[in-house]
Amino acid sequence: MDFRGEVTVELVKHSASDTDVLWAARVSTAGEQSLEEVGKDPGRSQGLINYLMRDRHGSPFEHNSMTFFVSAPIFVFREFHRHRAGWSYNEESGRYRELQPVFYVPAEDRKLVQEGKPGRYVFVDGSPEQHKLVGEAMTESYRQSYGAYQAMLEAGIAREVARAVLPVGLFSSMYATCNARALMHFLSLRTKNEEAKVPSFPQREIEMVAERMEAAWAELMPLTHAAFVANGRVAP
């Protein structure tokens with residue numbers, strides 16, 4: 001069995017650049033002449049990107065595409081799939097394949113203790129004893145549930161029935177495709193950042209996914225990403 005405290009995010013294909021924002025925006029005033037923007041240096045039009053972001057003209061940020069491979073615990077995907085506008089998903093199926101024994105156990109730097117009331121709480125580091133308890137309880141539970149799963153499969157029980165004993169700490173994998181506008185909305189909710197105009201309090205595990213997506217996107221569309229950050233990390 002494999003116990004992991006990290007997630008995997010890989011950018012597998014894309015058609016995304018800052019130039020995509022420019023020609024999409026300029027068609028409103030230049031019509032067919034906006035095609036001349038397709039091959040131009042986007043750095044010369046950084047002000048337009050900032051303007052679009054600041055005044056929340058969002059549609060020019062939709063004419064691009066990024067596909068990510070994500071491997072994370074099922075409970076992360078439960079939150080992820082709440083993001084529907086501008087996203088497409090395909091996830092591995094426990095009906096059609098035998099699920100592998102890869103499970104989530106928090107790393108030592110994962111804060112364990114919640115203090116405060118709903119809406120006004122913080123997470124703080126757990127004690128060594130608490131980390132020990134979490135690790136031991138999770139691994140023992142995972143071993144028992146996966147053992148029951150294997151026993152049912154060996155007895156001829158259908159995969160779609162046997163999978164019911166598996167916990168949400170099991171790793172799954174999916175392809176997630178989005179455009180920059182949808183990704184910015186996701187990042188505004190699933191990352192905690194001091195520069196954000198609107199505070200967000202995401203669960204750490206989905207924030208780990210979001211951080212890796214943001215790093216990949218920032219390399220593809222650096223001017224758009226810079227404008228997003230400069231304008232308080234609010235999606236246009």
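Which residues do ring pairs link into a cluster? Select Phe3, Phe103, Tyr142, Tyr146 and Tyr149, and you have that cluster on screen.

Before going on, know that this is a predicted model, where local features need pLDDT of at least 70 and side-chain atom pairs count only at pLDDT 80 or more, while totals for chains, interfaces and linings use all residues. Residues are numbered from 1 along each chain as its sequence is written, and side-chain values use heavy atoms, with hydrogens and water left out.

Rings of Phe, Tyr and Trp (its six-membered ring) pair if their centres lie within 6.5 Å; planes under 30 degrees apart count as stacked, over 60 as edge-to-face and the rest as tilted. The structure holds 14 aromatic pairs.

Next, select Tyr121 and Phe123: their ring centres are 5.8 Å apart and their planes meet at 90°, so this pair is edge-to-face.

Now go back to Tyr146 and Tyr149, whose ring centres lie 5.4 Å apart with planes at 50°, so the pair is tilted. Both sit in helix α4 (residues 128-154), 3 residues apart, about one turn of the helix. A helix here is a DSSP run of H or I with at least four residues, numbered from the N terminus. Tyr146 is buried at 8%, and Tyr149 is buried at 0%.

Technical notes:
Helix = DSSP H or I, 4+ residues; strand = E, 2+ residues; numbered from the N terminus. Buried < 20%, exposed > 50% of the residue type's maximum accessible area, 1.4 Å probe, protein only.
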